[in-house]
Amino acid sequence: MSRSRGTAVLVVLGFCLLALLALPTIGGALERGEPNLELYLSDNEVAPGGTEAIEIDIQNDAELTVGSGQEVLTARATSVELEDTGPFESKSGETAVGPIQDGQIVSVPQQIEVPNDIEPGEYDVSVRVRYAYTSMVSDRAGVTQRQTASETHDVTVVVPDEPRFDITDVKTDVEPGASGPATIEVTNTGTEQANATRATITGGTGVTIDGSTLEAPAEEIIGDLEPNESTTFGVDVALEDTLSGGEKPLDIQFSYRDSSGIERESQSKTASLVPASEQSFSIDNLEDTLAVGYDGEITGELTNDGPRAVDDAVLIVEPMSESLFIEDTRYALPELDAGETTTFRYPTDVSGQADEGPRQLRFSVEYTGSGDATLEDGPISERVFVDPQHDEFSLTDDGISVPQGEQTSFDLVITNERQETLSNIDAKLYTDSPLQTSNDEAFVSELAPGESATMTFDVSASADAPAETHPIELDFEYETERGETTISDVYQHPIDVDAVETDDGGSFIGSAVGLMAALTAVGLGLGFWWRRT
């Protein structure tokens, strides 16, 4: 092919291409344009000393250069990121927005942390916006051009010259389950005076302020507050008894009049209310003198573990067994400072049908908390042990014997086997034939646990009493430490009857028989003599 012919071909192809590109314009199928994003803050004021939410409004005012369609005007896959926040700190990171059509406004929430010591004024914040868009669409040619864009916009954040309210202290001595006063200290840390200031307080779960409800929160009048001025106001706090420990939130909203007399509201503040620690008590050195079928007592020591003194507490005991009976389960405690200890004593009866072994007791302490609320600490679980049934007294002697037909005095040693002091012990001795007594009573004024005393009695045996061991019986009437008069079971004690021998070695009975025989013989002789005469 010649050079001239090749040049001609290229010229023809060029004209064809130009014609091809021009064809869409004839039918209006070519679109050209791009989004045009503008950023601004509709509410640009923030308060110092916390994390603030700002709403970045993005408006798409797109530019259409060729055609009439909408495809080239939409910003797609849009994202926003606070890039240069000046004195603030971004808490949001890059945020996906999605498509923004021409004429549409999209609000994007962002979180910034505002320093507590920031000065009032205007501050610029740089916002990076990234998006994709279609810059050209040709339907006939089937050609589409896609672009990406990254733009930086500045928005102005304002720290206003106005009153600011900080909750500097919240105090209360109210513990869970009680009600009482609390004080709240507030400081105007702003640069302007707050006039006719009021506080609206809402308690969190389990916390009620001034008897308020969520629908009708409590309101307190504070008055005027100059810059850097502090004041304290009081509220009544009620805490549910199921409230757990730790800080409890209070939401406080301040309203005031500015220097122009305009009513304004501050952003709400969250204060921390710390309930007082719950009163607690402990029991130590629990002891008992319990035995099956007897009266005993339960004693111990109770300590006020604090944190406050109590002056009207009552210790309550609940036996967890029907075999134990405590008539008065409420023991009035003396005034107790924190850390102070006192003793307690419960007289306790044990059923005669009870089994020996451990028994469970449940103690609780009832006391008056703040606001005259009746509170309770416990239950405190403890154990006592019921001993097996045993005699009140043990009896010992050096061996008691009485000769046939004679009388003897003897000493009987009685020992108190109970774990309490017994008093006015009156002993009574009983005999049956062939034994008799002429001194059947003895008395002991008092016996401490394990203490012994000697009682003296006498006993006589008939002449024909069998020479063997015979029983005597005794019972005891006594008083317990509670002043109760009790009669013991019957005790049996052995006495030996000794045989008595005559001078010829025979027994007394043999001698008597011989004497009777001799007298009989004498009588018969006299009878014969009388008849003869």
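This is a predicted model: local features need pLDDT of at least 70, side-chain atom pairs count only at pLDDT 80 or more; totals for chains, interfaces and linings use all residues.

**Salt bridges, pair by pair**

Me: Got it. Which residue does E297 form a salt bridge with?

Reply: That's R345, and the closest N and O atoms are 2.4 Å apart. R345 sits in strand β25 and E297 in strand β21, so the pair links distant parts of the chain, 48 residues apart.

Me: And is R345 buried or partly exposed?

Reply: R345 is partly exposed, at 33% relative accessible area.

Me: New topic: what about E175, where is its partner?

Reply: The side chain of E175 meets R308 in a salt bridge, 2.6 Å from N to O. E175 is in the loop between β11 and β12, while R308 is in the loop between β21 and β22, 133 residues apart. E175 is buried at 1%, whereas R308 is partly exposed at 25%.

Me: What does R362 pair with?

Reply: R362 meets E318, at 3.1 Å from N to O. R362 lies in strand β26 and E318 in strand β22, so the pair ties together parts 44 residues apart in sequence. R362 is partly exposed at 32%, and E318 is partly exposed at 38%.

Me: Which residues are linked in a network?

Reply: R198, E219, R257 and E263 are linked by salt bridges.

Me: Last one: how many salt bridges are there?

Reply: The count comes to 18.

Note on methods:
Residues are numbered from 1 along each chain as its sequence is written. Side-chain values use heavy atoms; hydrogens and water are left out. A salt bridge is a side-chain nitrogen of Lys or Arg within 4 Å of a carboxyl oxygen of Asp or Glu. Helices (H or I, at least four residues) and strands (E, at least two) are DSSP runs, numbered from the N terminus. Buried means under 20% relative accessible area, exposed over 50%, partly exposed in between (1.4 Å probe, protein chains only).
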